[in-house]
Amino acid sequence: MRVYVPLTLPALAQAHRAGELGPGPLTAYAVTPGLREWYVSDDIEELEYAALTRAAHGSLRLLVADPGAVRKRVVVAVDIADGAVHADPDQALDPDALGEVRLEAAVPLAKAAAVHVDADDAAVDVAKAAEALAAADGGDADAQFVVDGADDHELLWFATQEIEHLIAG
């Protein structure tokens, strides 16, 4: 199963040094039954893109918690055994938890298929989105518009061999 683990650049650097994402438990996003039902699609690429987008929102939340981190969303795509992924059935249709899964143990970085990171030109919009996130969570429509503005920037795809370059910059 492909899962998408939200991170920040400092967390990616830590994972690179440790050789693993973790320690567990880790929150990640995947194509869950709830995400399938919500998205109403059988196209696996569309569903995986929806899971990646959910993980990008998770990364935005991590940026709020780490004000010193470069304002770029980071998501690591990892291929992992189905049995290592746990979804909470009680939250299957909760809009705030769509696609959310838990990985109980650390995941070797060698299992990563790719890394997705914002381009440099997204940093301003991502920073504004991070600043507006609390107000958006509180129902402020203008703040939600700002948060949604980060989604106007597609995450770039990087091979795992490029992690060292990503964290150096």
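**View 1. Leucine 12 and its neighbours in the predicted model.** Leucine 12 touches Leu7, Val74, Val76, Val115, Ile163, Leu166 and Ile167, leaving aside residues up to four places away in sequence; contact here means heavy atoms within 4.5 Å. Residues are numbered from 1 along each chain as its sequence is written, and side-chain values use heavy atoms, without hydrogens or water. As this is a predicted model, local features need pLDDT of at least 70 and side-chain atom pairs pLDDT 80 or more, while totals for chains, interfaces and linings use all residues.

**View 2. The largest nonpolar core.** A nonpolar core is a set of buried Ala, Val, Leu, Ile, Met, Phe, Trp, Tyr and Cys residues joined through side-chain atoms within 4.5 Å, with buried meaning under 20% relative accessible area (1.4 Å probe, protein chains only). Of its 25 residues, Val3, Val5, Leu12, Leu21, Val76, Leu103 and Val115 touch the most other members. Elements giving two or more residues to this core include β1 (2-7), α1 (9-18) and α6 (163-168); helices (H or I, at least four residues) and strands (E, at least two) are DSSP runs, numbered from the N terminus. A second, separate core has 13 residues, among them Leu60, Ala69, Ala129 and Ala150.

**View 3. Helix α3, residues 44-65.** The 22 residues of α3 reach 32 Å from first C-alpha to last, close to the 32 Å expected (1.5 Å times one less than the number of residues). Buried residues in α3 include Leu47, Ala51, Arg54, Gly58 and Leu60. At the start of α3, a side-chain oxygen of aspartate 43 comes within 2.9 Å of the backbone nitrogen of glutamate 45.

Definitions and conventions
Buried means under 20% relative accessible area, exposed over 50%, partly exposed in between (1.4 Å probe, protein chains only). A polar contact is a pair of N or O atoms within 3.5 Å; within protein, one must be able to donate a hydrogen and the other to accept it, and residues adjacent in sequence count only if both atoms are side-chain atoms.
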